[in-house]
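Hello,

Here is the structure I promised to pass on. My notes follow below it.

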Amino acid sequence: MSDVYDGAFRTILNDCRKLIIPVINEIFGENYIGDEKIEFFPNEHFIDQQDEADQRRITDTNFRITGAETKKYHLECESSYPDGRMTIRLFEYDSQIALDEGEITEETLTVTFPNTAVLYLRTRKKSPDKMKYVIVTPGGTVQYDIPIMKVQSYSLDDIFKKRLLMLIPFYIFSHEDSFQECNENEQKLADLKSEYKEILNRLNNLEEQGIIGAFDKRTIIELSSDVIKEIAQKYENVKKGVGDIMGGALIETEARIILNQGISQGISQGISQGISQGKILGIDEAKKKTAGRMLKKGKFTIEEVAEYCELTVEEVEQLPENL
């Protein structure tokens, strides 16, 4: 799998851990409410090769959720089409995870396999909805299913209704088959861009409602931008059209954070000097200081600084260099 997709999956799970709860509920039919404790474990394992050097295996994610009871989970993300090889890899990972925490009591080894599932970014119409382990032992046969979650099966309405927000960075895979058409047809490209504007609007609404935080929103947008650049690298109009929307959202988010911090600091300074919040030393001066900081970062044009700080272009151009 592309390092970009792999990295995006691991990043959103490790940095925005609460976003995994709705996904676990969806895949395994759990009823977690979101305040459960989530503990991640090392994702590097070594498979014993007897006389040969041990082989290192890196799982995508290996964690435990503690609510009314404690359960271990193992999720993998895969961008290749299902071909059977993933099942072998999963069993290797699961066996090692179970063995790492195995317990020995009076020569009895007890191993507990995790609840395992795969998130497939690409699937075909006939791709199965589950894998299966069948383990034949001298003491009997054990078998159970490994659920498959298909990103392309979820619409935007599904994603937001079920709060499957960690799927958003990979939503672009649902449109991969139409990249050529979008790249050549302005209306098709406009429709795709409109979907991503809707994604941003919905994320903004969730942030305003306090359902997600600013950090989670920014992470989702940033990872979406990374995935779009990777998957659409051969389709310049798609990459630039949709990518610019997400990139612009990142710039605006960063600008707003800087602006809010600057205004907050300016107001505090104004209050400490006995000046009301509405006077120049509070808000107006804070905006100018924030504009100066944004210019020094070198990421914003004068026009963008003026827009985000609610100043005129002339005011920004006249800002002293040492502000």
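Helix H2 (residues 20-28) lies across S1, strand S4 (61-66), strand S5 (70-78), strand S8 (115-120) and S10. Helix H2 runs at about 90° to S5. Helix H3 (residues 85-100) also packs on the sheet, where it touches S4, S5, S8, S9 and S10. The direction of H3 makes about 150° with that of S5. Contact here means heavy atoms within 4.5 Å. Axes are lines fitted to C-alpha atoms, for helices over the stretch in contact, and angles run from 0 to 180 degrees between N-to-C directions. Helices (H or I, at least four residues) and strands (E, at least two) are DSSP runs, numbered from the N terminus.

This is a predicted model: local features need pLDDT of at least 70, side-chain atom pairs count only at pLDDT 80 or more, and totals for chains, interfaces and linings use all residues. Residues are numbered from 1 along each chain as its sequence is written, and side-chain values use heavy atoms, with hydrogens and water left out.

Now the sheet. It is open, with six strands in the order S1-S4-S5-S8-S10-S9 and mixed pairing. Two strands pair if DSSP finds at least two bridges between them. S1 (37-40) and S9 (130-137) are the edge strands, each pairing on one side only. From one strand to the next, the twist averages 25°.

Last, the hairpin. S9 and S10 form it, with two residues between them. Eight bridges join S9 to S10 (residues 140-150), and the two run antiparallel. Val134 stands opposite Gln143 in S10. Thr137 stands opposite Gly140 in S10.

Best wishes
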